[in-house]
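Dear colleague,

Please find below the structure that I am handing over to you. My notes on it follow directly after.

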Amino acid sequence: MTIRVRFAPSPTGYLHIGSARTALFNYLYARNKGGKFLLRIEDTDLARSTEESTRSILDGLAWLGFAPDEEIVYQSDNADKHRAAALKLLEEGKAYRDFTPKEDRGDKDVKAAIVERAREQKNMRDNPFRDTSKEESDGRAESGEPFAIRLKVPETGKTSFEDGVYGRQERDYSEIEDLVLLRSDGHPLYNLAVVCDDIEMEITDVIRGQDHLTNTHKQILIYEALGANPPRFAHLPLILAPGGKKLSKRIHGEIVSMTTYRDAGFLAAAFRNFLALLGWSPKTEQEIMTLDELVQNFSLEGIHRNNAIFNFDANNPKRWTDDKAIWMNAEYIRTMPLAELLPFVKEELKNNKLWREEYEDSEKEWFEKTVDLIRERFFTLKDFSTQGRAYFSEDFDFDQAAIDKNLKKHPDLQTLLPELADRFETIENFTHDELEKVAKEFAEEKGTKFGVLMNGARALLTGLAVGPSMLAVFETLGKERSILRLKSQIAWN
RNA sequence: GAGGACGUAGGCAAAUCGGCUAAGCCGCCAGCCCUUCAAGUUGGAGAUUGCGGGUUCGAUUCCCGUCGUCCUCGCCA
């Protein structure tokens, strides 16, 4: 049978980093098994679901490259089927009407009630309506009395399943209450909806977050009542914040959103690679893997059972997100085939009005050489438009610290650099080797350290204290621009 | 409160069926390179495998206990 998996997010916010990884693992599993990857939007909570959120999730998935193999299923479209399923179970005596008036309780009260119930060791089967006769139940329903439909969990026995990651799981019926399938307003509830949809979509493997591990028993009960075979289940460890706390939008903010990484200049391939290594190991020493390699190597056996910590420090700009994620991105930027990087650089430059059509035409060679030169020390795509700005525009900022340290600390450079420019005028072949010869001769002649000269030139030509070898920068910028900037007095004021 | 899951350096993690000095990556420190910063390269620090006990010639691995963290328990998803 063909493997069919689904990623089923609730559209109550943007695509969470943990959800993104769940999507990734589902995708990898499907591809590895030659199966289908499906997408279902679980929008049954009308109060919290938004279209904007759905769009944001779809955007995030598209960015990561996970296109569903079949049409997207919107759970709310199936509400009638969910209701029909509940009614069918009622008809068959596997569920019953609960006429207990609905209590309007807040989150806190609900939690308190749970604790109280456990403390009193209350029997989960003590609902008085569980054994109400069919006649009475039908009569009250016909008279218009509102009711919820609850699953009639058997008195004794237990559910069990073999989790693909956590192994054998068992739970006694006595620990599971008669869960509500249908609200008194006719609205189907989560567990019913999920099971019905998974059956209808013919899902063979449910791969989802570990937070659903214990709820799986309830869903198995529904499968059994419905007379359907449960799929295989595999639960994934959670991704936690530093300190082992839950990673939440409310507390940790943008750091948990996929769009943050896209907007910060991450390459989808790099982030995907990083995400794959969070909670999963190929059990080899290779960590940089293409999507194909991830697919090839992926298996449930490689999934770790303990929760992973996503490391970041909101107060440290250099460590605003996980070190390894940043490193991975830099690694991709400097080692991926140049041709694959170029389109991303183009987009970044375009977004910052630094792009010129010539870069793909008459200046193609120059552009590629330049990107190749500067990508070596960049961490994100953003760097091309910020640190790399001086290569693509005459309008760039000077870093004050660079100016102070590399120029103003050596006042003689104010005359030396323009003089060096004059020497450069004489060079016909404006290349690295020629430049080196001339510049070294000049430094010796003036009794100035070559390094001081180069660092000063770097501050003047790029506005920065750091960057590639200056000889390469001169060559890249070309004779005209190099001389012009060496003679410029702007930075001195 | 009950049930469940999980504890290997700061983070990600490996370790066949119980077996060599507990891999590798990120981060950190240092040397080399050097014109700065990266990269590269070489080396280093960092682990009583949460803790305690048991079984065993031998335990990260099996058993028990304990502590810690997380998850779930709703007419939320």
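How do the residues of the lining of the largest cavity divide into nonpolar, polar and charged? There are eight nonpolar, three polar and two charged residues in that lining. Please bear in mind throughout that this is a predicted model.

The cavity itself may be described as follows. A search of the whole structure finds one cavity of 30 Å³ or more, and the space in the largest cavity comes to about 100 Å³. Its lining is made up of 13 residues, and Gln-387, Tyr-391, Val-466, Gly-467 and Pro-468 are those that lie nearest its centre. At least two lining residues come from each of helix H20 (450-462) and helix H21 (470-487). As to the method in general, rolling a probe the size of a water molecule over the atoms shows where empty space is left.

Five helices, namely H9 (258-263), H10 (268-276), H11 (291-297), H12 (323-335) and H13 (338-351), each supply at least two residues of the lining. Of these, H13 gives the most, with five residues. The lining of the second largest pocket comprises 13 nonpolar, four polar and eight charged residues.

Over the whole structure, the search finds 28 aromatic pairs. One of them is formed by Trp-366 and Phe-392, whose ring centres are 6.1 Å apart; their planes stand at 85 degrees, so the pair is edge-to-face. This pair links distant parts of the chain, since Trp-366 belongs to helix H14 (residues 364-374) and Phe-392 to helix H16 (residues 389-392), 26 residues apart. Trp-366 is partly exposed, at a relative accessible area of 21%, whereas Phe-392 is buried, at 6%. The cut-off for buried is under 20% relative accessible area, so Trp-366 at 21% counts as partly exposed.

Two rings have a charged side chain over the face. Arg-140 lies over Phe-99, at 4.7 Å from the ring centre, and Lys-440 lies over Phe-450, at 5.0 Å from the ring centre.

Two backbone positions deserve a remark. Most residues other than glycine have a negative phi. Gln-121, however, has a positive phi, near 50 degrees; this residue lies in the loop between helix H4 (107-119) and helix H5 (134-142) and is exposed, with a relative accessible area of 72%. Lys-283, likewise not a glycine, has a positive phi of about 60 degrees. Lys-283 is found in the loop between H10 and H11 and counts as exposed at 64% relative accessibility.

Finally, the chain as a whole. Chain A has 21 helices and 13 strands. Its radius of gyration is 31 Å, well over the 23 Å that the globule rule gives for 493 residues, so chain A is more spread out than a compact globule. The C-alpha trace spans about 110 × 45 × 40 Å along its principal axes. Of the 493 residues, 49% count as buried.

With kind regards

How values were computed
Residues are numbered from 1 along each chain as its sequence is written. Chains are lettered from A and ligands numbered from 1 in the order in which they are written. This is a predicted model: local features need pLDDT of at least 70, side-chain atom pairs count only at pLDDT 80 or more; totals for chains, interfaces and linings use all residues. Side-chain values use heavy atoms; hydrogens and water are left out. Rings of Phe, Tyr and Trp (its six-membered ring) pair if their centres lie within 6.5 Å; planes under 30 degrees apart count as stacked, over 60 as edge-to-face and the rest as tilted. Helices (H or I, at least four residues) and strands (E, at least two) are DSSP runs, numbered from the N terminus. Buried means under 20% relative accessible area, exposed over 50%, partly exposed in between (1.4 Å probe, protein chains only). A charge sits over a ring if NZ of Lys or CZ of Arg is within 6 Å of the ring centre and within 35 degrees of the ring normal. Ala, Val, Leu, Ile, Met, Phe, Trp, Tyr, Cys and Pro count as nonpolar, Asp, Glu, Lys and Arg as charged, and the others, Gly among them, as polar. On a 1 Å grid over the protein atoms alone, a cavity is a set of points where a 1.4 Å probe fits but cannot get out, and a pocket is an open set with protein on both sides within 12 Å along at least five of seven lines; lining residues have an atom within 4 Å of a point. Grid points are joined across faces, edges and corners, and a volume is the space filled by probe spheres set on the points. The radius of gyration is taken over C-alpha atoms; the globule rule is 2.2 Å times the number of residues to the power 0.38.
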